[in-house]
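Please read them alongside the structure.

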Amino acid sequence: MPPPSHPWPERPFSLISTTPYLDYVDLLPARQDAVRVARLMALTHNTIFRAFNAIYQQPESIHPLNAADVNSFIEFTICAIDFLENHHRCEELVFFPMLEAQAGIPGLMGDNVEQHRAFQGPLRALRGYLKLVRLGAFPFDVFEFRDIIDELAPVLERHLHDEIPSILEAGTHMSDEAMSACYKALHDEAEGTADAFKVGPFVMGCQDDTHLVDGRQIAFPELPFSLAPYLVEHVVARRHADVWRFCPSTFHGRPRKTEFLSGKFGATDCGSTVEEDVAGDRTELAVKGGSKKKSGGRIGLVRPWILPSIAVVFLLLVWLRLYLGILFPECSREGL
Ligand SMILES: [Fe+2]
């Protein structure tokens, strides 16, 4: 369960908090790269879980007739489906065959492939539903939408949890170098086939740095340079900015409240975003083009121009008092 201050109910998908690495630690080669890969895979799967939890929790606040919000939400959901499907495509094409070859055990990852098949139906139904809404066949219906995810959730969640021990098991049959090479091939295949303007902001916006795996805070995704989140935030994410309003975190891994978390039809005119950092009490309002109106129960807003305005008015009054005192000292003495 998330801590009480966490702005997100992480359900219906439970995040992975532990790997069974202790069961394998004596069987793995010295460097234990399989543990590292299993943890990175757990964080990849948590990215999927957080995205789908955001998808499950937010649509109640989207007015079905607000075409801009509905379309942005559909796009965010399609990003999650694309990410999930591409992840499994890369695993089946590159990762699993390489693990089996290195382990010398054909079919070692077969159960995982079978589990992939188990949720293809509900995933196809979800994509089909979104396509028909987008085409205008019927308005978006939150209950119908959630029914499809409810069907998807148990099989998808089970697979994404089950895959972790199977990586550790595979690691007991190969060297550290071989395990790292398999993971690198997976990573390269995924990176080479992804739309950076979508996958970058999607992955960065679905992280939770407060969530520990095996009691550790593990940097994820592994970034080429430390300023990468700023590059995503200020450059890459601009292309589909409306879509990332549904991200459950900032691009710096901090879980946040979004404007779509406050209940039925809480969202208003599209384009405004309310964020609340978990750690601090700073509340930030980022308004992207347009007025804003928030329903009851929203977090308080501290507009950035209020304090400077008060200071300017105060200084003006002081100056006016001094100025009048110089010109009309008798008025000043009388308190006018
Ligand atoms: Fe996976």
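1. Overall burial. The model is predicted. Of the protein's 336 residues, 36% count as buried.

2. Secondary structure. Ten helices and two strands make up the assigned elements of the protein.

3. Contacts along the chain. Where contacting residues are at least 6 apart in sequence, 73% of the contacts join residues at least 24 apart.

4. Segment before α1. Helix α1 covers 33–57, and Pro 12 is found in the segment before it. The peptide bond from Arg 11 to Pro 12 is cis, and its omega is near 15°. Gln 32 also belongs to the segment before α1. Its phi is positive, near 55°, and the residue is not a glycine.

5. Loop between α7 and α8. This loop lies between α7 (196–204) and α8 (228–234), and Pro 221 is found in it. Phe 220 and Pro 221 are joined by a cis peptide bond with omega about -5°. Asp 214 has its place in the loop between α7 and α8 too. For Asp 214, phi is positive at about 55°, although the residue is not a glycine. Asp 214 counts as partly exposed because it has 16 C-beta neighbours inside 10 Å.

6. Geometry of α2 and α3. Two packed helices are described by the angle between their axes and the distance between the axes. Helix α2 spans residues 67–103 and helix α3 residues 110–118; their axes come within 11 Å and cross at roughly 160°. An angle over 145 degrees counts as roughly antiparallel, so α2 and α3 are roughly antiparallel to each other. Their crossing is left-handed.

7. Contact of α2 with α3. Which residues meet between these two helices? From α2 they are His 88, Glu 92 and Phe 96, and from α3 they are Asn 112, Val 113 and His 116. By class, the residues of this contact are two nonpolar, three polar and one charged.

8. Places to check in the viewer. For the backbone, look at the cis bonds from Arg 11 to Pro 12 and between Phe 220 and Pro 221. For positive phi, look at Gln 32 and Asp 214.

How values were computed. Residues numbered from 1 in each chain as written. Predicted model: local features only at pLDDT ≥ 70, side-chain atom pairs only at ≥ 80, totals over all residues. Helix = DSSP H or I, 4+ residues; strand = E, 2+ residues; numbered from the N terminus. Buried ≥ 20, exposed ≤ 12 C-beta atoms within 10 Å, placed from the backbone. Contact = placed C-beta atoms within 7 Å. Axes fitted to C-alpha atoms, helices over the stretch in contact; angles between N-to-C directions. Parallel < 35°, antiparallel > 145°, perpendicular 65-115°, else oblique. Left-handed = near helix turned anticlockwise from the far one by under 90°. Nonpolar A, V, L, I, M, F, W, Y, C, P; charged D, E, K, R; others polar.
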